[in-house]
Amino acid sequence: MEAAPEPPRIPSTRHKCPACYKQFKRKNHLVEHMKILFHSVHQPKCAVCQKHCKSFESLRVHLTGPLAKASCLTVFSEQGCNHCLKIFDNPNSLSTHKEVCCLSAPAPLGTTLPCAESENKISGVVDRNNTARGPQAIAMDCEMVGGGSDGTLDLCGRVCLVDEDENVIFHAYVKPQIPVTNYRHEVTGLTEEHLKDAVPLNEVRDKILEILYNGESISRLRLDGGKGRLLVGHNVKQDLVSLRMNYPDHLLRDTANYRPLMKTNLVSHSLKYLTKTYLGYDIQSGVHDPYEDSVSAMRLYKRFRSQDHHDQLKEIGYQKISNGFDSYKSKELEKMSPSELYEISRSNYRCWCMDLRQPVLP
């Protein structure tokens with residue numbers, strides 16, 4: 001007796017994420033995935049296969065790591081830039097790009113500037129025309145000396161501010177409000193002589209705030225920024241604490257805590273690592289220089305601010321992105337196609353590219 005033929009197998013439906021290509025058996029699992037991952041046009045994306053990644057570090061692993069996708073690895077090794085991770089059409093375009101993308105280190109100020117000369121290094125405190133293309137940015141870096149009985153308390157001993165063109169607009173040695181017990185000379189290059197006739201901390205703080213406020217009232221600054229300047233730095237909140245100074249969070253641009261520049265587990269990279277990886281030169285090989293560090297932070301900010309997501313945003317539509325998943329019920333979301341889910345997904349951080357597009361809002 002012949003055996004009955006087996007019924008044909010019905011292939012199971014797989015729901016594929018249109019951003020990272022992960023597949024799910026159930027639609028509600030895809031929906032939950034989209035809610036958690038915050039996929040958007042602002043995420044770093046492979047220029048070969050268009051896969052979205054959480055950070056530029058994970059994108060680098062995708063392109064060049066030990067488990068890199070073969071087709072992406074092949075294209076990137078021949079046509080990709082190791083610093084910005086962009087892909088170019090031909091070797092000539094890549095070669096021309098690398099000349100611009102790989103930067104040289106700025107000349108450090110050193111520690112020979114007298115304090116009197118430092119105090120006079122101020123320019124353009126108020127710029128009434130700086131809102132033409134979005135708020136101007138100022139990069140700041142502080143060098144810390146030690147206070148307290150064991151010298152572990154961070155005190156600002158030196159501060160430098162630069163504008164977007166890398167001009168020094170303020171530089172001063174700072175006299176802390178409590179005694180210095182460790183000058184940390186190997187790192188800061190500072191000695192007792194440097195801070196002997198330094199500018200008092202409260203005067204330095206007032207001058208920095210004058211530059212950052214740019215003639216704007218504090219109420220407007222806290223509301224939407226107004227003419228206030230963006231403050232760029234690496235772990236900039238630590239610098240603000242050392243200066244005993246407050247500045248609105250929505251006006252801070254921190255290279256240590258910007259999600260695309262962090263490790264995949266959301267741990268910060270050092271400024272030294274970020275500069276070498278994305279700008280192509282070394283810093284902090286000896287004494288740390290606040291000008292060199294503030295310029296490096298500014299260059300990182302400008303590089304990642306210049307990413308052009310505007311065309312993709314226009315295709316998807318600002319309104320859909322602004323609504324997000326919260327505007328829909330679960331059953332409505334499960335009826336949507338993967339591409340429709342992607343269209344309403346939004347980023348969980350403010351992309352720096354928006355600084356050139358829209359007013360700065362909290």
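Predicted model: local features only at pLDDT ≥ 70, side-chain atom pairs only at ≥ 80, totals over all residues.
Start at Gly-110. Setting aside the neighbours within four places in sequence, Gly-110 is in contact with Arg-158, Tyr-173 and Asp-289. Pro-290 lies 180 residues away along the chain, yet the C-alpha atoms of Gly-110 and Pro-290 are separated by 9.0 Å.

Now step back to the whole protein. Among contacts with a separation of 6 or more, 61% join residues 24 or more positions apart. The protein has 16 helices and 9 strands. It holds 362 residues, and 48% of them are buried. The accessible surface comes to about 18,800 Å². Carbon and sulfur atoms account for 51% of that surface.

Next, the cysteines. How many disulfides are there? The count is 0. The cut-off explains the result: a disulfide needs two cysteine sulfur atoms within 2.5 Å. Take Cys-101. Its closest cysteine sulfur is in Cys-81, 3.7 Å away, and therefore too far for a bond. Cys-101 is at 3% relative accessibility, so it counts as buried. Cys-142 is a second case. The closest cysteine sulfur to that of Cys-142 belongs to Cys-156, again at 3.7 Å. That is too far for a bond. Is Cys-142 buried or exposed? Its relative accessibility is 6%, so Cys-142 counts as buried.

Turn to a pair of helices. Two packed helices are described by the angle between their axes and the distance between the axes. Helix H2 covers residues 56-64, and helix H3 covers residues 70-79. H2 and H3 pack at an angle of about 95°, with their axes 7 Å apart. Angles of 65 to 115 degrees count as roughly perpendicular, so H2 is roughly perpendicular to H3. Which residues of H2 and H3 meet? From H2 come His-62, Leu-63 and Thr-64. From H3 come Cys-72, Leu-73 and Phe-76.

Finish with an annotated stretch. An unreviewed UniProt entry carries the annotation "domain: C2H2-type" over residues 15-44. In the model, the chain over residues 15-44 is 37% helix and 13% strand. The end C-alpha atoms of this stretch are 22 Å apart.

Note on methods. Residues numbered from 1 in each chain as written. Heavy atoms only, no water. Helix = DSSP H or I, 4+ residues; strand = E, 2+ residues; numbered from the N terminus. Buried < 20%, exposed > 50% of the residue type's maximum accessible area, 1.4 Å probe, protein only. Contact = heavy atoms within 4.5 Å. Areas by Shrake-Rupley, 256 points an atom, 1.4 Å probe, with all protein chains shown as cover. UniProt positions renumbered as here; feature names shortened; annotations may be inferred. Axes fitted to C-alpha atoms, helices over the stretch in contact; angles between N-to-C directions. Parallel < 35°, antiparallel > 145°, perpendicular 65-115°, else oblique.
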